[in-house]
Amino acid sequence: SAPPRDVLRCLSKMERLVSQATSEDLRALRSSRGLITITLSKFVEQDRVRQDSVSMGLSAEFSGQESGQQVNLVKTPWLRDMEAWDAMTWAWLFALAVHGASDVLPVFSDTGSGEGAS
């Protein structure tokens, strides 16, 4: 099935933030083999034009050379309709946002040893 129209509208406004991360952070994230926490957050940010604007973003926190490193992956303006989204719509948005950032996320393979991502 196809993503809901609201998700596609949101994705069309999505901005990749990984370009703002340092190359060291991206290498550490890409090579990380520990726990990676991907967080979807709603936040207020200062904007010179509109003053305060509400956004939604996706970030990855991981243990690299420093404890608790974080890389911001994407952000998009918060849409008023998001307040009424059901779990399936949020799942579509999360999955497509993670897929959009997959070039900087680690690739886990099944080694048969019981380790890796599940």
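This is a predicted model: local features need pLDDT of at least 70, side-chain atom pairs count only at pLDDT 80 or more; totals for chains, interfaces and linings use all residues.
**Exercise 1. Describe the chain as a whole**.

Step 1. Count the elements: three helices and four strands.

Step 2. Order them. From the N terminus on, the elements run α-β-α-β-β-β-α.

Step 3. Take the burial. The chain has 118 residues, and 29% of them count as buried.

Step 4. Take the surface. The accessible surface of the chain is about 7,900 Å², and 50% of it belongs to carbon and sulfur atoms. These areas come from the Shrake-Rupley method with a 1.4 Å probe; for residues, only the protein chains shown count as cover.

Step 5. Take the contact range. Among contacts in the chain with a separation of 6 or more, 60% join residues 24 or more positions apart.

**Exercise 2. Which residues touch the most other members of the largest nonpolar core, and which elements give two or more residues to it?**

Step 1. A nonpolar core is a set of buried Ala, Val, Leu, Ile, Met, Phe, Trp, Tyr and Cys residues joined through side-chain atoms within 4.5 Å.

Step 2. The largest nonpolar core has 23 residues, and Leu29, Leu73 and Leu93 touch the most other members.

Step 3. Assign the elements. Two or more residues of this core come from each of helix H1 (5-12), helix H2 (23-31), strand S3 (51-62), strand S4 (69-77) and helix H3 (87-100). S3 gives the largest share, four residues.

**Exercise 3. Check the length of H3 and sort its faces**.

Step 1. Check the span. The expected span of a helix is 1.5 Å times one less than its number of residues. H3 has 14 residues and should span 20 Å; its end C-alpha atoms are 20 Å apart, which agrees.

Step 2. List the buried residues of H3: Thr89, Leu93, Ala97 and Val98.

Step 3. Find their side. These residues cover an arc of only 160 degrees around the axis, so they lie on the same side of H3. The arc is that of the directions from the helix axis to the C-beta atoms. An α-helix has 3.6 residues a turn, so residues three or four places apart point the same way.

Step 4. Turn to the other side of H3. Ala87, Met88 and His99 are exposed there.

Step 5. Name the cover. H1, strand S2 (36-47), S3 and S4 are among what covers the buried residues of H3.

**Exercise 4. Compare Leu11, Val74 and Phe62**.

Step 1. Leu11 is in helix H1. Leu11 is partly exposed, at a relative accessible area of 25%. Leu11 and Leu93 are 82 residues apart in sequence, yet 7.7 Å apart in space, C-alpha to C-alpha. Beyond four places in sequence, Leu11 touches Leu93 and Leu96.

Step 2. Val74 is in strand S4. Its relative accessibility is 6%, so Val74 counts as buried. Val74 and Ala97 are 23 residues apart in sequence and 7.3 Å apart, C-alpha to C-alpha. Leaving aside neighbours within four places, the contacts of Val74 include Met14, Leu17, Met56, Leu58 and Ala97.

Step 3. Phe62 lies in strand S3. At 2% relative accessibility, Phe62 is buried. Ser32 is 30 residues away along the chain, and its C-alpha atom is 7.3 Å from that of Phe62. With neighbours within four places left aside, the contacts of Phe62 include Ala28, Leu29, Ser32, Leu35 and Ile36.

How values were computed: Residues are numbered from 1 along each chain as its sequence is written. Side-chain values use heavy atoms; hydrogens and water are left out. Buried means under 20% relative accessible area, exposed over 50%, partly exposed in between (1.4 Å probe, protein chains only). Contact means heavy atoms within 4.5 Å.
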